[in-house]
Amino acid sequence: MLDILGVTSPFFALVGIGYLAARTGALPMASVPGLNIFVLYFALTAMLFKLASETPIQQLVDPVVLAVWLGASFVCLALATATARRGGRSWLDSSFGGMVSVMSNSGFMGVPLLIALLGAAATGPIGATLLADGIVVQSAAIALSHRGAARSGGVLAELGGAMGRVARNPLPWALVLGALFGMTGLHLPGPVDDVVTMLSTAASPVALFTIGAVLARAAADSPPGRVRTGVVAWGDVYWLATVKLLAHPLAVWLLGLAAVAAGLPLDPFALTVLVLVAALPAAANVSLLAERFGADNGRVARVILVSTVLSFVSFTVAVALLT
């Protein structure tokens, strides 16, 4: 356990440093978007391209891995959405509660953390989850958020817009293009490879620091008019965090075991990676989507913050049990 903490603690410490820097004003809130852009469009993109170029493309689109991941995600999405509806929330807030309880922080945290723990072989399963979450889960939750609502352009128009944002997300593209480039057997020219390597090296610390800054900004910008206070509200937040940190990885593990029992070709190492990805805290970008669609962003931001704090313990335990 101490060896695992020796690996995971620095990652969570960087998140905490970023949070404190933004909350205390040492890092101006106005600079957070710039950090996001650097991590998303440059550092993480370079890291994923480099790793995917060394990963067989079959691992990124493994049908069994995708089926297990999506099956577990939809089970937990339905669970979180249904309980919120029974509690009297709208379809909009219910579906975004479901989204934040199943979408893992795979890009900013999962890639550097799991590769440090498990090695570069984890890239394939992590990439599959990024593709599944960014394209399928996100679109399904947005479609669900419009149930019973009459909006200009309808659900199809909103889904078209969602798919447009997915197409502009550089992380899936970096994975796919890197894998395709690796199939050619070619190598980047020396100076270009040096630039990609330097950006890749910056990805882990800057991404983790940025997560903390994004959490601080989300907490500071939470719209007070839409946030319920008291035990009921915080009970809802901890329930969604529990779905994310416990129910989601458990569902992935059980479905993975069922797939193996059915004779499907699911590698035990890939299942371990999937369970650990599911055990990661909620994705920070769900807060941005909640703001875009008018959902209760204060609630979403609190789930992200609580799941990130609690995952220091829950994720470490999951690693100890599985590795």
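Starting at the N terminus, the elements of the protein chain run α-α-α-α-α-α-α-α-α-α-α-α-α-α. That makes 14 helices and zero strands, where helices (H or I, at least four residues) and strands (E, at least two) are DSSP runs numbered from the N terminus. Keep in mind that this is a predicted model, in which local features need pLDDT of at least 70 and side-chain atom pairs count only at pLDDT 80 or more, while totals for chains, interfaces and linings use all residues. Residues are numbered from 1 along each chain as its sequence is written, and side-chain values use heavy atoms, leaving out hydrogens and water.

Let's look at the whole chain. Of its 323 residues, 50% count as buried, meaning under 20% relative accessible area, with exposed over 50% and partly exposed in between (1.4 Å probe, protein chains only).

Now find two helices that pack together. Two packed helices are described by the angle between their axes and the distance between the axes. Helix H4 (residues 63–86) and helix H5 (residues 91–100) pack at about 145°, with axes 8 Å apart; axes are lines fitted to C-alpha atoms, for helices over the stretch in contact, and angles run from 0 to 180 degrees between N-to-C directions.

Finally, visit helix H9 (residues 170–184), where leucine 177 has its place. Is leucine 177 buried or partly exposed? Leucine 177 is partly exposed, with a relative accessible area of 46%.
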